[in-house]
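Dear colleague,

I am passing on the structure we spoke about, together with some notes on what came out of the analysis. Please read the notes with the coordinates open beside them.

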Amino acid sequence: MDWNDTRMNVGFIGLGRMGRGMAHRLLGAGHDLVVHDVVRAAGEDFVKAGARFADTVADLCAGRDAVVTMLVEDAAVIDVALRPGGLCESLPKGAIHVAMGTYGVGAIRTLAAAHAKAGQILVAAPVLGRPDLAASGQLGIVAGGPDEAVRRAEPLLALMGRKTFQAGELPESATAIKLANNMVLGCAMVAMAESFSLVRKYDVAPQVFYDVITEGLFAGAAAYKGYGKTMVDQTYDNVGSPVTVGLKDANLIVAAADLARVPMPSLNVYRDRLLGAVAHGDGDRDQAVLAREQARAAGLE
């Protein structure tokens with residue numbers, strides 16, 4: 001393959017809320033795209049648009065320069081890579097696995113070692129953003145892996161995101177950044193949730209406080225605008241990132257912090273609120289529902 005050529009043979013696995021928009025970006029740019037998902041119906045519109053659906057991972061890998069995975073859980077991406085007929089067994093030597101979900105450090109280390117043994121390369125490239133940004137190619141992407149491999153993958157990353165942040169030569173460096181970013185985001189949601197409860201106790205309309213934080217010190221901060229607006233309107237069923245995914249990520253952050261011996265006391269508050277939301281039946285709602293969880297704790301609901 002001439003890596004200076006803009007057209008690549010690409011495989012894409014995982015056509016969920018995030019993956020669909022990302023894969024459509026690649027197909028729309030003229031790449032030879034083969035897709036796979038455990039739900040075959042998820043690939044129907046891709047086939048109509050000119051992609052090919054592969055029934056197996058092995059079939060998808062044949063002749064691919066790179067395979068992108070957008071799967072939620074560590075177990076899922078490890079299974080796709082390590083199972084008989086999986087990525088490690090089926091990708092051509094020198095091909096790149098671009099793992100774009102949010103995974104634990106241990107999972108990424110396992111994948112990197114397995115691909116290296118198979119003569120392939122892992123680039124970890126977790127994304128920053130919600131499904132609407134994926135569809136419009138406005139995700140932030142944190143890329144970690146050998147410099148040459150990241151450079152080769154950059155034409156794909158540039159289609160799926162507005163900016164690629166170079167994390168370092170180790171794939172796990174991108175994982176650390178993504179988990180740290182999610183930690184900051186989670187704490188921001190908890191802080192907003194607590195603050196909305198406080199002003200409500202003084203009969204302040206939540207919209208007024210929202211205007212203060214988004215037009216004052218935090219003007220331009222997308223997290224405060226997006227999650228804050230959902231908290232004001234209580235549109236928790238308009239799901240970008242559900243509580244269950246937030247809890248999964250919080251547990252990954254705990255594991256990474258334990259591995260590196262880093263105390264993170266604020267993380268415990270965020271995780272406890274997520275657990276409370278799940279216990280109250282809000283696990284499938286958007287993480288902004290932490291405002292409801294905090295309101296319960298404050299006696300407002």
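Predicted model: local features only at pLDDT ≥ 70, side-chain atom pairs only at ≥ 80, totals over all residues.

By the rule applied here, the count is 1 cavity of 30 Å³ or more.

The second largest pocket has a volume of about 170 Å³, and its lining is made up of Val105, Arg109, Ala176, Leu179, Ala180, Ile253, Ala256, Ala257, Leu259, Ala260, Val262 and Met264. Helix H6 (105-117), helix H9 (171-201) and helix H12 (243-260) are the elements that each give two or more residues to that lining, with H12 giving the most, namely 5 residues. By class, the lining of the second largest pocket has 11 nonpolar residues, no polar ones and 1 charged.

Arg109, which is among the residues lining that pocket, also forms a salt bridge with Glu172, in which the closest N and O atoms are 2.9 Å apart. This pair links distant parts of the chain, since Arg109 lies in helix H6 and Glu172 in helix H9, 63 residues apart. In general, side chains of opposite charge can pair when their charged atoms come close. Over the whole structure, the search finds 15 salt bridges.

Elsewhere in the chain, helix H10 (residues 206-215) and helix H11 (residues 222-233) pack at an angle of about 175 degrees, with their axes 10 Å apart; because angles over 145 degrees count as roughly antiparallel, H10 is described as roughly antiparallel to H11. On the H10 side the contact is made by Pro206, Gln207, Tyr210, Ile213 and Thr214, and on the H11 side by Tyr224, Lys225, Gly228, Lys229 and Val232. Taken by class, the contact of H10 with H11 has 5 nonpolar, 3 polar and 2 charged residues.

With best regards

Conventions
Residues numbered from 1 in each chain as written. Heavy atoms only, no water. 1 Å grid on protein atoms, 1.4 Å probe; cavity = no way out; pocket = protein on both sides within 12 Å on 5 of 7 lines; lining within 4 Å. Points joined across faces, edges and corners; volume = space filled by probe spheres on them. Helix = DSSP H or I, 4+ residues; strand = E, 2+ residues; numbered from the N terminus. Nonpolar A, V, L, I, M, F, W, Y, C, P; charged D, E, K, R; others polar. Axes fitted to C-alpha atoms, helices over the stretch in contact; angles between N-to-C directions. Parallel < 35°, antiparallel > 145°, perpendicular 65-115°, else oblique. Contact = heavy atoms within 4.5 Å. Salt bridge = Lys/Arg side-chain N within 4 Å of Asp/Glu carboxyl O.
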